[in-house]
Amino acid sequence: MFARWISPGSVRLTVLLWLLTVSVTLGSASELKVKVRLADGQITDELLEADSEKDSITVEFKQGDGTLITFLADFKQDVKIFRALILGELERGQSQYQALCFITRLNHNEIIPSESMARLRQKNPQAIRTAEEKRSTEMLSMNVAVNLTRTWQLSAHIHNMCSVAREAVYTREADVRHWLDRGVDGSMFEPQAVEVPGLQSCGTVKDLWQPCSCSYNLRLEWYPCLLKYCRNRDVSGRGSPYKCGIKSCSKGYQFTYYVPHKQLCLWEEET
């Protein structure tokens, strides 16, 4: 599978990124903008949006290297989507940016419900946020490619989020088995040679046109992961719990997937 490289055209990169953002956010019920400190110490503006009607949450921010990260949780379908728009290295023959999309199952209690997110407000918009809990990095072997034309069965959000990635949309075999058991059409999935014996990691391959196993790392540096509950007590001493805040988390993900040539995984040279 060839990753999708967006060629320069009449539409400038800044306009295209704006359109991509709008395509995800239109119709959202509420949004929250927070300032977040990234792992490298830089500060980024993070946009969190909740759509109670569609029962979804979107988190979007720009990394220090210019990469635009978008995360979407679809609670109706128990699907989560990660999209990365990575700036290309023009001096090495790449175009403006490369798009990647990773789709996995959404587990319970990973993030607060959309209706709770929609009610969040912040008292100090200028405060710089850091997560209360740093969760361990999750290692994910994305050994199945996804055909976008049939993804409506998984989630209505996938095509909208991942159409710019086209041939660089991946999931993992364990999730595919779960979706097949639910009756999803298996023709949208194509196994990839991520763990074939002899396939080297892209970081060790010298030939830019040799197939290899690519790894991409990203971190959601700040997101509301749990609701906090407090307890009221009446005159008799009895208590009744009520929602009184959120707990924020940070979590990393490492996605490993097959690429037909190292040219599509140049960031491995930097690790």
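Buried, in what follows, means under 20% relative accessible area. That cut-off matters for the cysteines. Keep in mind that this is a predicted model.

Disulfides, then. The count comes to four. I'll take three of them.

One is Cys 101 with Cys 162, sulfur atoms 2.1 Å apart. The torsion about the S-S bond is about -75°, so this disulfide is left-handed. Cys 101 lies in strand β7, residues 97-105, and Cys 162 in helix α3, residues 157-162, so the link ties together parts 61 residues apart in sequence. Are these two buried or exposed? Cys 162 has a relative accessible area of 0%, so by the under 20% cut-off it is buried. Cys 101 is buried too, at 0%.

Next, Cys 202 and Cys 212. Their sulfurs sit 2.0 Å apart. Torsion here is about 85°, so the disulfide is right-handed. Cys 202 is in the loop between β12 and β13, Cys 212 is in strand β13, and ten residues separate them. Both cysteines, Cys 202 and Cys 212, are buried.

Then Cys 214 and Cys 265, with 2.1 Å between the sulfur atoms. This link is right-handed, at 85° about the S-S bond. Cys 214 belongs to strand β13, while Cys 265 is in the segment after β14, 51 residues away. Cys 214 and Cys 265 are buried as well.

Now the strands. β13, residues 212-233, runs antiparallel to β14, with 19 bridges joining them. In that pairing, Pro 224 stands opposite Ser 248 of β14. And what pairs with β14, residues 239-259, in the parallel sense? Strand β9, residues 133-141, over seven bridges. There, Leu 140 faces Phe 255 in β14.

Definitions and conventions:
Residues numbered from 1 in each chain as written. Predicted model: local features only at pLDDT ≥ 70, side-chain atom pairs only at ≥ 80, totals over all residues. Heavy atoms only, no water. Pairing = 2+ DSSP bridges. Helix = DSSP H or I, 4+ residues; strand = E, 2+ residues; numbered from the N terminus. Disulfide = S-S within 2.5 Å. Buried < 20%, exposed > 50% of the residue type's maximum accessible area, 1.4 Å probe, protein only.
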